[in-house]
Amino acid sequence: MPDASERVLVVGGGGFLGRALVAQLGGSWAVDAPSSAELDIAEPGAVARWMAVRPAVAVLNAACRQPGSPASDLERVNVIGADAVARAAHEANARLIHMSTDVVLDGRHAPYADDAAACPVNSYGRSKAAGEAAVLAAHRAAVCVRTSLIWDPNEMDRSTVSFAERLARGESCRLFTDEVRCPISRVTLAAALCELVGLSVRGTLNVAGAEALTREAFGRMMLQHFAVDGADRVESGRAADLPSRPGEARPADLTLDVSLASRMLSTPLHGVTDELRLARRTNG
Ligand SMILES: NC(=O)c1ccc[n+]([C@@H]2O[C@H](COP(=O)([O-])OP(=O)(O)OC[C@H]3O[C@@H](n4cnc5c(N)ncnc54)[C@H](OP(=O)(O)O)[C@@H]3O)[C@@H](O)[C@H]2O)c1
């Protein structure tokens, strides 16, 4: 059995990012990655049982991020579960990397520094912001990684899959010209996280792609890259023109300042244009 100093516990290792992270960590660390059936982080006492292996580091990827999830599900996983993982990691003397999101920010004051105060404008953002606060209160040595849209040049992300499915059904689709994000490929993000596993970083840290893109530009790049049928039928529009429910706004510009992470990490935080160029070179 590997020494405890070489163990990493990945919570939510079966998700889109988690699978890439577990694969990359496996080269250097002994990785425990229970499925959500094996470990429900919101179940009292459940996390502590997995901390019994005394990992050096825990990575909390698990999240409820289905659009339209009820507030109770968001609270259960993103706040109560995150708090439980942070307390158990602290108790087990394991460092903690907690995956957070740019959606803890309001989209009106970009670019955002690493230590920008959370100011969420929708229920998902509020739950992740409360999760950050709970994690940092329970575990002083934790780092909350704020990232942006996660994608992969070799596998469609959930949002691109949804677009492809709607287009295949003949539905109309619209991409927003007034929302800006800093997408990062999961391979690059996983490589950055692998580096963070070996570093003692605390507080909040932006780790996202270095290229800020409108959702429209990013969406069209994905549709073209994956040669999605019907991509020419996708319209452009403004999210601001859509009606919104009270307390459920869409943040406009979530550009993250990634200069600190870029200095700290040797992994280049490629933007989408560079990552696609590299992927085309690799895939021939
Ligand atoms: N994807 C993005 O564009 C994006 C952007 C910004 C930030 N993030 C953050 O990055 C992290 C990873 O995102 P992702 O896209 O990889 O998420 P994902 O694909 O939805 O994966 C989430 C993982 O969490 C697990 N999980 C859910 N509820 C759980 C519970 N109660 N106990 C234990 N595990 C549970 C899921 O297991 P099951 O599949 O079995 O339910 C799944 O393995 C999240 O913290 C998310 O907030 C993602």
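**Figure 1. Contacts across the whole predicted model.** Of the contacts in the protein with a separation of 6 or more, 80% join residues 24 or more positions apart. The model is a predicted one, and its protein comprises nine helices and twelve strands. The C-alpha trace spans about 55 × 50 × 35 Å along its principal axes. For 284 residues, a compact globule would have a radius of gyration near 19 Å, and the 19 Å of the protein therefore agrees with that expectation. Buried residues account for 48% of the 284 residues.

**Figure 2. Packing of helix α3 against helix α4.** Two packed helices are described by the angle between their axes and the distance between the axes. Helix α3 (residues 71-91) and helix α4 (residues 123-138) pack at an angle of about 15°, and their axes lie 8 Å apart. Angles under 35 degrees count as roughly parallel, and α3 and α4 are therefore roughly parallel to each other. The crossing in which α3 passes α4 is right-handed. On α3 the contact includes Ala-71, Leu-74, Val-79, Ala-82 and His-90, and on α4 the contributors include Tyr-124, Lys-128, Gly-131, Ala-134 and Ala-138. The residues of this contact of α3 with α4 comprise ten nonpolar, five polar and four charged.

**Figure 3. The loop position of Ser-35.** Ser-35 is found in the loop between β2 (30-32) and α2 (46-51). Ser-35 is exposed because 10 other C-beta atoms lie within 10 Å, and a residue counts as exposed if that number is 12 or fewer. Ser-35 and Arg-126 are separated by 91 residues in sequence and by 25 Å in space, C-alpha to C-alpha.

Notes: Residues are numbered from 1 along each chain as its sequence is written. This is a predicted model: local features need pLDDT of at least 70, side-chain atom pairs count only at pLDDT 80 or more; totals for chains, interfaces and linings use all residues. Axes are lines fitted to C-alpha atoms, for helices over the stretch in contact, and angles run from 0 to 180 degrees between N-to-C directions. Helices (H or I, at least four residues) and strands (E, at least two) are DSSP runs, numbered from the N terminus. Angles under 35 degrees count as roughly parallel, over 145 as roughly antiparallel, 65 to 115 as roughly perpendicular and the rest as oblique. A crossing is left-handed if the near helix is turned anticlockwise from the far one by less than a right angle, and right-handed if clockwise. Two residues are in contact if their C-beta atoms, placed from the backbone, lie within 7 Å. Ala, Val, Leu, Ile, Met, Phe, Trp, Tyr, Cys and Pro count as nonpolar, Asp, Glu, Lys and Arg as charged, and the others, Gly among them, as polar. A residue is buried if 20 or more other C-beta atoms lie within 10 Å of its own, exposed if 12 or fewer, and partly exposed in between; C-beta atoms are placed from the backbone. The radius of gyration is taken over C-alpha atoms; the globule rule is 2.2 Å times the number of residues to the power 0.38.
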